[in-house]
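Please look over the fold, the nonpolar core and one of the pockets of the model shown here. The briefing is meant to be read with the sequence and the structure side by side.

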Amino acid sequence: MSESASTPVDSVLALVQRTSLTRLVGEALEKMILAGELPPGSKLNEVALAERLGVSRGPLREAFRTLEESGLIRQEKNRGAFVREIELSEAADIYEVRAGLDATAGRLLAERATPEQLAVLREFAAGMQRAAGANDVDAFHALNLAFHDRIVEMTGNAALLDVYRRLVKQLALFRRRNLLAPQAIPHFAEEHSAIVDRIAAGDAAGAAEALHAHARGGRQRMLRDGELGSLPVADEKRA
């Protein structure tokens with residue numbers, strides 16, 4: 001009786017352990033993908049990755065399925081798993097959706113931002129001003145990503161944050177993204193400061209518009225610096 005009674009518990013524990021391991025493996029793979037260590041288009045070698053991560057191929061394959069659902073890899077029957085390649089047209093579409101999410105986050109946060117949250121955002125903006133003054137493109141880029149992520153996080157809307165982060169990770173696969181030129185950074189630093197001012201003023205409509213225009217400007221720069229092809233850019237008047 002004791003043996004049969006313990007079986008469900010053992011099963012639950014095994015499930016928890018397997019789920020936790022799958023999550024850890026997925027997080028490790030995601031970091032390698034987003035860092036460019038596993039570049040877009042590359043095939044994921046199950047044997048090599050399992051050996052490197054010190055796991056069996058079971059949790060690795062489960063992690064592959066999770067990463068496929070998040071849009072970071074694709075799996076082909078009889079061929080294996082590959083890091084997704086994001087083309088310019090798809091990146092442009094993602095940017096349009098992101099612009100709407102940024103606007104929603106700005107509107108929500110302007111209605112509920114606390115003094116502590118505003119202080120954090122102002123520190124981010126000040127950091128970007130310092131990076132602009134030093135012509136430090138890498139520091140500015142890192143602060144820029146963190147600034148926008150924090151705005152969405154501060155809304156307290158878990159669904160919005162989940163979708164936003166998923167799209168940002170997919171955009172990271174677009175390796176032809178524009179790198180901000182040092183001479184352009186001061187302008188973008190001012191845009192971020194203006195966004196914080198509108199949120200601090202409780203101007204929901206203004207914050208939404210500023211964030212939407214800022215994201216559309218990023219899309220426009222990406223199109224200009226990418227291989228434009230047949231993609232129209234005439235509609236990007238505000239960039």
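The points below take the chain as a whole, then its core, then a pocket. The model is predicted, and the protein chain in it has 239 residues, of which buried residues make up 40%.

**Overall fold**
- The secondary structure of the protein chain consists of nine helices and two strands, and along the sequence these follow the pattern α-α-α-β-β-α-α-α-α-α-α.
- Among contacts in the protein chain with a separation of 6 or more, 70% are between residues 24 or more positions apart.

**Nonpolar core**
- The largest nonpolar core holds 59 residues, and within it Leu-29 and Ile-151 touch the most other members; helix H4 (residues 88-110) provides the largest share of this core, with 10 residues.
- When neighbours within four places in sequence are set aside, Ile-151 is in contact with Ala-105, Leu-109, Leu-121, Ile-195, Ile-199 and Leu-211.
- As general background, nonpolar side chains tend to be buried together in soluble globular proteins.

**Second largest pocket**
- The second largest pocket has a volume of about 350 Å³, and of the 13 residues that line it, Glu-30, Thr-66, Leu-67, Ser-70 and Lys-169 lie nearest its centre.
- Helix H1 (2-34), helix H3 (57-69) and helix H7 (158-172) are the elements that each give two or more residues to the lining of this pocket, and H1 gives the most, with five residues.
- By residue type, the lining of the second largest pocket divides into seven charged, four polar and two nonpolar residues.

Technical notes
Residues are numbered from 1 along each chain as its sequence is written. This is a predicted model: local features need pLDDT of at least 70, side-chain atom pairs count only at pLDDT 80 or more; totals for chains, interfaces and linings use all residues. Side-chain values use heavy atoms; hydrogens and water are left out. A nonpolar core is a set of buried Ala, Val, Leu, Ile, Met, Phe, Trp, Tyr and Cys residues joined through side-chain atoms within 4.5 Å. Buried means under 20% relative accessible area, exposed over 50%, partly exposed in between (1.4 Å probe, protein chains only). Helices (H or I, at least four residues) and strands (E, at least two) are DSSP runs, numbered from the N terminus. Contact means heavy atoms within 4.5 Å. On a 1 Å grid over the protein atoms alone, a cavity is a set of points where a 1.4 Å probe fits but cannot get out, and a pocket is an open set with protein on both sides within 12 Å along at least five of seven lines; lining residues have an atom within 4 Å of a point. Grid points are joined across faces, edges and corners, and a volume is the space filled by probe spheres set on the points. Ala, Val, Leu, Ile, Met, Phe, Trp, Tyr, Cys and Pro count as nonpolar, Asp, Glu, Lys and Arg as charged, and the others, Gly among them, as polar.
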